[in-house]
Amino acid sequence: LLASSSGDGGVFFLELSSDTGKWLDAHYDPVAGLYTFSSCMDLADLNGDGENRLLVGDLGSGSSGMKLKVYRGTALSSESALLDLPTGLVSFFMDLHEPRIPAVAVASGPCVYIYKNLRPYFKFTLPGLDANSLEQDVWQQVKEGQIDPLSLKEMLESIRNKADVPLSVRSLSFLSLEPAQMDEFVQLHKHQPIKRQTVITCIQTLKKSTSDDDGVSCLVIGTESSHVYILDPEAFIILSKMLLPSAPTMMNVTGQFDVEFRVTVACRNGNIYVLRRELDKPKYCIELSSHPVGLIRVGKNLVVGCTDESLHGFTQKGKKLWKISLPAPITTMATMDLPTRGFQAVLVGLANCEVHLYRDKNLLSTIRTPDVVTSICFGRYGREDGTLIMTTKGGGLLVKILKRTAAFEDRDSAPGPPLTQSVRLNTQKKTKLYVDQMLRERESGTIMHRAFQMDLSRLRLATAKAFLKALDSSLTPMSSSLSEPLKMNAVVQGLGPSFKLTLNIQNTAACRPVMNLAISILYDETLYRMRNSYMRIPLLVPGLVYPIETFVECTSDRGISDIIKVFVLHEGKSSPLLTAHINMPISEGLMLG
């Protein structure tokens with residue numbers, strides 16, 4: 001191995017190895033102590049000298065040791081302590097002043113900390129949320145000494161389970177305490193007002209008016225309260241506010257704020273939403289089969305990694321383009337952009353200690369790492385354009401540089417059809433019964449087809465005969481007579497033993513009235529008794545519904561029911577125009593009596 005670096009650590013050269021692939025090993029420090037995610041890594045020229053530094057939001061131990069670290073070459077050049085866990089880190093130009101040096105924004109808790117020249121410059125805090133009124137009343141009673149800490153815990157748990165507005169951080173912290181610690185906590189906080197503050201879940205940048213690399217950018221912030229805020233880069237006031245159906249976890253932003261922009265957001269409910277300019281709600285929604293763990297934009301398409309070990313391609317309007325399966329769960333994703341070559345691809349870190357490079361659904365390169373990769377950042381580092389920086393699960397720092405002679409093919413490296421085509425389908429074995437049936441169908445196919453056609457013709461004939469019989473005997477709720485077109489439906493009301501029977505009759509003719517009609521009701525006299533079983537119908541005007549009401553009384557105590565037949569007749573004719581069969585309900589009132 002041969003390794004060399006400059007004395008100041010600013011420019012480093014390669015550790016040449018026997019690897020003849022597309023990547024060169026530049027640096028590997030397994031004990032760098034970096035614990036971070038891809039959203040907390042960025043590359044920026046912080047001094048205006050043409051050399052990009054590596055910015056890392058280090059998570060530390062999770063409860064302490066959170067820092068903003070800056071690397072130059074292979075050495076740590078500076079670090080600043082953070083008050084809370086960082087959720088995102090971006091570099092952006094906030095003004096047009098010379099020299100053109102970007103600022104650094106670190107999202108941590110409910111605040112965004114702005115650093116200029118690596119010194120604290122501004123702190124933006126998210127607007128507060130309305131506190132739960134019931135929670136405020138409970139803490140007021142504690143302040144006045146009306147309830148003790150144990151009663152307070154019971155009341156807060158009841159409010160948390162039933163109220164629509166979530167509890168504040170103070171109440172949630174109180175509920176997590178042991179009984180011996182509650183009294184001290186109450187005495188310390190009972191005189192302070194209740195505040196409910198949301199936290200930042202993701203952060204990105206949006207060009208304000210120009211798409212230049214050194215153009216002024218706005219900050220785009222996603223919060224736990226399902227809001228997306230766009231901040232002015234100079235005054236840090238809220239320029240736009242949008243609401244999502246669920247809390248955002250990842251964002252991708254394109255366009256300019258003053259012209260047209262598109263914010264693609266992956267939310268905690270497993271869906272992806274697209275926000276547009278002058279809209280306070282999502283315009284498009286992409287529903288996924290499993291929760292997303294990575295969201296990358298390549299050109300005008302979206303690449304989404306999911307928890308079911310799959311990678312999906314979508315258009316920016318949500319149309320699905322392709323899907324591929326991966327050999328292991330996804331740990332992180334990042335964009336590989338080489339503007340000098342016009343090359344864009346997606347880097348996917350996997351749990352099997354591999355990093356795959358995909359362009360669309362084609363695998364271009366596989367990088368094996370000594371540990372599971374947790375974050376990836378690709379871009380210009382130092383003075384080298386194609387630098388790949390990765391951190392591992394054990395806190396290691398890994399740097400690789402793309403060879404200038406490296407070439408990526410758009411298709412799979414294997415000749416012939418794609419590899420997925422050679423994967424055998426998991427089909428069941430053929431049983432002896434299946435084979436015998438297949439041979440029978442092959443030998444007697446013509447006879448079986450003729451028998452099927454004969455049975456189908458018989459079924460059609462039987463259906464036509466039954467339909468014709470129903471028309472001839474008027475056993476339908478609609479009249480087939482062209483001169484007297486009628487329609488009738490029946491409604492039975494009541495629990496029994498007395499039922500109200502309502503017959504709604506309508507003349508469906510265009511302009512001709514119908515007259516000289518009567519209703520005859522046929523029923524079992526051993527079960528029912530009716531006041532009027534024969535009624536005349538008045539003149540039926542077209543389009544109007546005429547309700548004909550009568551009462552049916554059940555006289556049997558055996559708990560059974562029967563069918564009542566209703567005939568609509570024309571005076572002087574024995575064939576009915578309409579016939580309705582009414583299934584009477586069982587008389588529940590008589591049974592209860």
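Please keep in mind that the model is predicted.

Let us start with the helices. Two packed helices are described by the angle between their axes and the distance between the axes. Take helix α1, residues 133-143, and helix α2, residues 149-162: they pack at an angle of about 175°, and their axes lie 10 Å apart. Because angles over 145 degrees count as roughly antiparallel, α1 is roughly antiparallel to α2. On the α1 side, the contact is made by L134, E135, V138, W139, Q141 and V142, and on the α2 side by L152, M155, L156 and I159. Sorted by kind, the residues of this contact between α1 and α2 are eight nonpolar, one polar and one charged.

Helix α2 also packs with helix α4, residues 179-189. Here the angle is about 85° and the axes are 9 Å apart, so α2 and α4 are roughly perpendicular to each other. The residues that make this contact are P149, L150, L152 and K153 of α2, together with M182, D183 and V186 of α4. Five of the residues in the contact of α2 with α4 are nonpolar, none is polar and two are charged.

Now for the strands. Strand β12 (residues 227-231) and strand β13 (residues 238-243) run antiparallel and are joined by five bridges. To find one of the pairings, look for Y229, whose bridge partner in β13 is K241. Six residues lie between the strands of this hairpin, and F236 takes a positive phi near 55° there.

Further along, four strands form an open sheet in the order β18-β19-β20-β21, with antiparallel pairing.

Next comes the empty space. Rolling a probe the size of a water molecule over the atoms shows where empty space is left. A search of the whole structure finds one cavity of 30 Å³ or more, and the volume of the largest cavity is about 60 Å³. Among the residues that line the largest cavity are V298, N301, W322, Y358 and D360. Which strand gives the most to this lining? That strand is β19, with three residues, while β19 (301-306), β23 (343-350) and β24 (354-359) each supply at least two. By kind, the lining residues of the largest cavity divide into seven nonpolar, two polar and two charged.

Most residues other than glycine have a negative phi, and most peptide bonds are trans. D360, one of the lining residues of the largest cavity, has a positive phi of about 60° although it is not a glycine, and its place is in the loop between β24 and β25 (362-368). N117 is not a glycine either, yet its phi is positive, at about 55°; look for N117 in the loop between β8 (111-116) and β9 (119-125). The bond joining E98 and P99 is a cis peptide bond with omega of about -5°, and P99 has its place in the loop between β6 (86-92) and β7 (103-108).

Conventions
Residues are numbered from 1 along each chain as its sequence is written. This is a predicted model: local features need pLDDT of at least 70, side-chain atom pairs count only at pLDDT 80 or more; totals for chains, interfaces and linings use all residues. Side-chain values use heavy atoms; hydrogens and water are left out. On a 1 Å grid over the protein atoms alone, a cavity is a set of points where a 1.4 Å probe fits but cannot get out, and a pocket is an open set with protein on both sides within 12 Å along at least five of seven lines; lining residues have an atom within 4 Å of a point. Grid points are joined across faces, edges and corners, and a volume is the space filled by probe spheres set on the points. Ala, Val, Leu, Ile, Met, Phe, Trp, Tyr, Cys and Pro count as nonpolar, Asp, Glu, Lys and Arg as charged, and the others, Gly among them, as polar. Two strands pair if DSSP finds at least two bridges between them. Axes are lines fitted to C-alpha atoms, for helices over the stretch in contact, and angles run from 0 to 180 degrees between N-to-C directions. Angles under 35 degrees count as roughly parallel, over 145 as roughly antiparallel, 65 to 115 as roughly perpendicular and the rest as oblique. Contact means heavy atoms within 4.5 Å.
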